[in-house]
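Take a look at the chain below before reading on. The paragraphs that follow go from the whole chain to single residues.

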Amino acid sequence: VVVVATAAYFLWPKTGSPTAAPARQMNPWAMPVPVRVVTTDAADLRVQIKTIGTVTPLNTVVVQSRVTGTLQQVAFSEGDKVTQGQLLAEIEQADYQIQLAQAQGQLEQNLAQLKNAEADLQLYSKLREQSSISAQQYNQQQALVAQLKGTIKSNQAQIDAAKLQLSYTRIHAPISGRLGLRRVDPGNLIQANNAEGLVTITQSSPIAVLFAIPESQLQQVREAVRRGESLTVEAWDRSERQLLSQGALTTLDNQIDAATGTLRLKAEFANGQEELFPNQFVNVRLNVAVQQGAVTIPQDAVQYGSAGNYVYVIEQNKAQIRQVKLGATDNGLVAVEDGLQTGDLVVLEGLDRLRPGRAVEVITDQPVPAG
């Protein structure tokens with residue numbers, strides 16, 4: 001009995017309230033599609049050439065010793081920023097001080113001989129007037145004085161060379177820049193003009209960026225350079241989300257690379273805060289010109305199909321396809337050369353459910369009034 005009663009309770013058809021109306025099933029494809037739109041506007045748009053580049057120091061120097069000796073002292077720390085003329089290292093000076101002393105001693109000997117020879121020449125001159133000595137003796141004494149004067153000049157040159165060698169024992173920074181890793185430790189014997197050197201100095205401020213542009217874009221760059229315009233260059237990070245630094249175009253190469261069909265260009269950046277690092281990869285934007293009063297829309301609103309580029313515009317609360325001809329791009333905006341006019345409503349979000357003629361509901365971001 002219990003089993004039968006339970007089955008009857010669960011299986012017996014239930015009737016609803018006589019006043020309840022069945023819920024109307026709405027077709028989701030017949031409802032208006034919620035979209036966000038932007039209004040086309042006329043603005044000044046920069047014409048840019050986008051490419052990739054490499055940060056390159058203007059100067060890189062391998063600091064080498066010009067004399068051989070024991071490295072006595074290192075006066076820098078790895079990675080320091082140094083100025084031109086700053087002391088970097090010292091080499092033991094004893095050998096070169098001895099060479100200088102020898103040259104100075106030789107000079108003093110020859111000076112004494114010259115003084116004695118000049119005194120004899122004066123005496124020979126008086127005796128020659130009295131015809132007490134022959135002309136040959138007088139001429140020989142003159143030649144001796146001239147010879148000693150030449151020897152003294154040679155001694156002075158030896159002294160200057162010894163002083164120069166002695167000065168090379170103190171190594172100074174030839175340029176301003178940032179130091180790399182030290183390659184020789186104090187106490188080691190270093191050879192003159194060793195290719196490896198002591199340390200490398202890289203000039204980081206200012207700094208250059210090398211990049212290449214296609215041959216097809218060369219003409220507009222050359223025309224701007226001929227007019228004497230200063231073309232600005234922007235360096236962006238790998239993701240093109242952060243502007244690292246802004247500089248100016250300085251140099252165009254003198255020939256096109258036949259293998260790649262590109263021309264190399266160089267831009268210079270002040271890099272005061274060292275935003276750019278040597279050999280760093282950057283995205284380059286070369287600003288060639290400014291397009292005045294261009295009709296602009298966000299690049300995300302543009303769709304790409306087999307028939308070309310198009311956008312969805314709103315006409316009488318319905319979506320319609322409009323073919324467009326695109327121009328220059330600048331910071332997320334693109335110029336529309338044909339297909340749109342100022343004031344048109346272009347769909348930016350909600351594109352995936354749109355079809356030509358589909359009803360839409362424009363969503364605004366304005367806050368709802370309180371109450």
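How much of the accessible surface of the chain belongs to carbon and sulfur atoms? The share is 49%, out of an accessible surface of about 23200 Å². Accessible areas here come from the Shrake-Rupley method with a 1.4 Å probe, and for residues only the protein chains shown count as cover.

This is a predicted model, in which local features need pLDDT of at least 70 and side-chain atom pairs count only at pLDDT 80 or more, while totals for chains, interfaces and linings use all residues. Residues are numbered from 1 along each chain as its sequence is written, and side-chain values use heavy atoms, with hydrogens and water left out.

Consider the overall form. Along the principal axes, the C-alpha atoms occupy a box of roughly 165 × 70 × 50 Å. The radius of gyration of the chain is 43 Å, whereas a compact globule of 371 residues would have one near 21 Å. This radius is taken over C-alpha atoms, and the globule rule is 2.2 Å times the number of residues to the power 0.38. Of the 371 residues, 31% are buried; buried means under 20% relative accessible area, exposed means over 50%, and partly exposed lies in between (1.4 Å probe, protein chains only).

The chain has four helices and 22 strands. Both are DSSP runs numbered from the N terminus: helices are H or I with at least four residues, strands are E with at least two. Contact means heavy atoms within 4.5 Å. Among contacts between residues at least 6 apart in sequence, 75% join residues at least 24 apart.

Next comes the largest pocket, with a volume of about 200 Å³. On a 1 Å grid over the protein atoms alone, a pocket is an open set of points with protein on both sides within 12 Å along at least five of seven lines, a 1.4 Å probe being used for fit, and lining residues have an atom within 4 Å of a point. Grid points are joined across faces, edges and corners, and the volume is the space filled by probe spheres set on the points. The lining includes G79, R178, T200, E274 and F277. Strands β8 (177-179) and β10 (199-202) each supply at least two lining residues. By class, the lining has four nonpolar, six polar and two charged residues. Ala, Val, Leu, Ile, Met, Phe, Trp, Tyr, Cys and Pro count as nonpolar, Asp, Glu, Lys and Arg as charged, and the others, Gly among them, as polar.

Now to single residues. E234 sits in strand β12 (residues 232-236). Is E234 buried or exposed? E234 counts as buried because its relative accessible area is 4%. Beyond four places in sequence, its contacts include R46, L243, N283 and R285. V360 is 126 residues from E234 in sequence, and their C-alpha atoms are 40 Å apart.

E90, in strand β6 (residues 87-91), is buried too, since its relative accessibility is 16%. Leaving out residues up to four places away, E90 touches T70, L71, Q72, Q73, T169 and R170.

N155 belongs to helix α3 (residues 135-167) and is buried, at 4% relative accessible area. Q106, L107 and N110 touch N155, residues up to four places away not being counted.

G339 lies in the loop between β20 (333-338) and β21 (345-349). With 22% relative accessibility, G339 is partly exposed.
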